[in-house]
Amino acid sequence: MAAMARLHLLQPPPAAVNTSVLFSKLPRPSPFSNPNYSLNYTRTRKPSLSRRLCSNSDSVPEGSSTSGTSASIVGGLLDYLNESWTQFHATAEAKRQLIAAGYHLLNENDEWDLKPGGRYLFTRNMSCLVAFAVGEKYRGGNGFHVIAAHTDSPCLKLKPKSASSKSGYLMVNVQTYGAGLWHTWFDRDLSLAGRVIVREKDGSFLHKLIKLKRPILRIPTLAIHLDSFHGWDLLKLTLTVVGTFKPGHLLIRTVNKDGFKPNLETHLVPLLATKLEDTSLDPKEKSNISKAAHHPILMQILSDELSCGIEDIASLELNICDTQPSCLGGANSEFIFSGRLDNLASSYCALRALIDSSGTPGHLSSEHAIRMIALFDNEEVGSDSAQGAGAPTMFDAMRRIVGCLAQEYVEGAFDRAIRRSFLVSADMAHGVHPNFMDKHEEHHRPELQKGLVIKHNANQRYATSGVTAFLFKEVAKIHNLPTQEFVVRNDMGCGSTIGPILASGVGIRTVDCGIAQLSMHSIREICAKDDIDIAYKHFKAFYQTFPSVDRKLEVD
């Protein structure tokens with residue numbers, strides 16, 4: 001498998017790229033590293049698909065998706081992906097869009113004053129977000145209709161002490177986060193993004209996001225000429241059997257024979273710069289530099305970006321990120337090439353569905369339930385954190401919402417609300433790989449451009465049941481939207497999602513679904529443009545249509 005995954009190293013190089021065109025297509029600077037930036041930012045952006053195309057060919061107009069005639073959200077997704085290098089940036093950008101759409105920012109530490117028809121959000125750790133719109137006809141005990149996704153993706157993270165030096169190079173020590181396809185991180189133009197704590201002049205501290213857009217890091221692969229050995233034992237056999245020997249015959253290229261198998265501790269270390277000897281420093285100063293947690297040159301780059309002194313940077317939490325922008329690809333521009341599709345594509349579709357289904361007072365005038373999205377962190381490492389789905393964040397919020405909206409005592413209001421609620425767990429799905437079709441069960445091979453994939457697992461690795469799958473597919477049927485089914489092969493292990501975690505937390509009805517993709521957990525993933533629009537329409541239809549569907553079926 002690893003050898004197959006590295007076959008791209010043997011392919012001829014692509015055509016030259018016009019760098020001036022490439023850099024002109026980079027997303028706008030992040031406002032969140034600016035302390036003067038206000039979240040009451042209302043300037044509207046009209047995303048253009050043409051500026052995200054990989055080639056310089058004619059652009060594909062907005063709204064040209066074959067999945068329907070309404071305007072496409074693909075341009076907005078590309079902007080969101082290019083803005084959201086980390087889970088912190090993804091949460092901050094979602095927060096910005098919700099506030100721009102009229103949502104009121106809450107704080108978990110404060111008292112809440114909620115009203116029917118109101119729209120609200122709060123964040124936790126700036127990596128988890130919950131937003132909700134209350135129906136104007138809401139009454140105590142009515143349910144929540146929720147779409148849940150996650151903001152994190154497999155990546156490399158800076159170690160608390162990252163500075164190291166090898167063979168005249170300044171290196172940056174990292175730790176792996178999640179189950180990434182780590183071989184895809186080699187020979188990429190990498191940089192850093194995340195958050196820092198900055199000490200202000202008055203002694204207070206400021207939480208700031210940072211993104212270094214220029215590539216400053218790279219993990220070089222070993223040249224194939226050095227990844228080989230001479231088979232001396234084979235030499236003896238050759239001399240005995242053949243009687244002749246040419247040394248070149250026994251030079252074995254192990255990377256192509258055995259696959260690329262880097263040691264994640266010693267080989268997956270990004271290169272930052274060449275090590276320059278500063279003869280002007282005295283021995284004491286050199287000793288202080290050698291004991292520094294991070295290289296001075298890296299700290300200088302960060303302080304320049306933050307417009308503060310190096311000594312003012314009190315704490316760092318940084319991810320290694322690929323600098324290549326997300327874009328459209330394929331001969332017909334039918335694909336999206338990007339990092340972090342798992343699971344920012346689902347997060348964005350849920351975000352837009354909530355905003356667009358509750359954007360005006362009229363959208364909520366006949367709504368009896370509460371529409372909600374919950375975007376969690378740390379799904380890729382099990383969700384067991386204060387900002388992950390394993391924490392009671394969403395259910396605590398639901399309990400507070402029910403209590404705030406109660407005009408009078410209603411027996412079992414929260415418990416009844418949960419029984420009437422429905423959760424869509426949205427996480428990317430495995431599309432069938434044309435070169436590895438046998439990895440899918442024969443009759444459950446999701447394809448790109450064929451709609452949302454409903455995930456089933458008899459061992460409850462997914463939370464879907466026959467009832468929840470039916471209800472979710474019935475919504476799609478009413479709106480003429482395609483759906484697909486996925487079941488893992490019996491002889492293979494099955495991944496999981498936040499669905500079972502949330503479903504078992506309080507017994508909320510749950511369906512697991514996702515957008516089909518290829519190259520899951522690679523540094524560059526692939527999904528279909530049309531599937532983004534289908535997912536958005538399905539999620540929006542869920543908010544608008546599910547109550548009428550749910551009333552038609554009684555199980556208990």
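Which strands does helix α14 lie across, and at about what angle does it run to β22? Helix α14, residues 529-550, lies across β13, β14, β21 and β22, and runs at about 65 degrees to β22.

Good morning. This is a predicted model, in which local features need pLDDT of at least 70 and side-chain atom pairs count only at pLDDT 80 or more, while totals for chains, interfaces and linings use all residues. Residues are numbered from 1 along each chain as its sequence is written, and side-chain values use heavy atoms, with hydrogens and water left out.

Some terms are needed. Helices (H or I, at least four residues) and strands (E, at least two) are DSSP runs, numbered from the N terminus. Axes are lines fitted to C-alpha atoms, for helices over the stretch in contact, and angles run from 0 to 180 degrees between N-to-C directions. Contact means heavy atoms within 4.5 Å. Two strands pair if DSSP finds at least two bridges between them.

I turn to the sheet. The five strands of this open sheet follow the order β13-β14-β22-β21-β17, with mixed pairing. At its edges stand β13 (327-329) and β17 (429-430), each with a single partner strand, so one side of each has no neighbour in the sheet. Strands β21 (residues 516-518) and β22 (residues 525-528) pair in the antiparallel sense over two bridges, and L518 stands opposite I526 in β22.

Helix α9 lies across β14 (335-338), β21 and β22, at about 35 degrees to β22. Helix α9 (residues 341-357) also packs with helix α4 (residues 87-100) at an angle of about 15 degrees, their axes 11 Å apart.
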